[in-house]
Amino acid sequence: VTMKTTDSALLGHVGTHYLSASSLSDMWTQSTGVFIQGRVLGIFCGNAIGAGNKPLVGVWLQVSYVVLGCLALPVIVCWMVTQPFLEALGVNAHTARDAAYYSYVLAACIP
């Protein structure tokens, strides 16, 4: 949250165009990126550690790697089509292009 706040504050000083492009990109990447957050892993591993079953922690970690790896590919594809998606929603081409660039950078950070 702090990183997004800092980014928004800095982009707001640069200009409203870049702030709107970043906001549109965030809307799209956060709505599709929810599939790769993997928050349930903490619950499963916490229960396994609490039960004293440390080998099960490794099993849950490996399962989460496989599942998140399989889910990361469609999310990356969604982030790569940010520009056509936003243009289909009626966003002008220049703003959609800048939002797509922001999404491309975020997609490179997934692996």
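This is a predicted model: local features need pLDDT of at least 70, side-chain atom pairs count only at pLDDT 80 or more; totals for chains, interfaces and linings use all residues.
Let me start with Arg97, which is partly exposed at a relative accessible area of 43%, where buried means under 20%, exposed over 50% and partly exposed in between, with a 1.4 Å probe and protein chains only. Arg97 sits in helix α6, residues 93-108, helices being DSSP runs of H or I of at least four residues, numbered from the N terminus. The C-alpha atoms of Arg97 and Glu87, ten residues apart along the chain, are separated by 9.0 Å.

Residues are numbered from 1 along each chain as its sequence is written, and side-chain values use heavy atoms, with hydrogens and water left out.

Turning to the cysteines, a search of the whole structure finds zero disulfides, a disulfide being a pair of cysteine sulfur atoms within 2.5 Å. For Cys78, the closest cysteine sulfur is that of Cys70, and at 15 Å it is too far for a bond; Cys78 is itself partly exposed, with a relative accessible area of 26%. Cys109 is likewise in no disulfide, since the nearest cysteine sulfur, in Cys78, is 17 Å away, and Cys109 counts as exposed at 59% relative accessibility.

Key: Helices (H or I, at least four residues) and strands (E, at least two) are DSSP runs, numbered from the N terminus.
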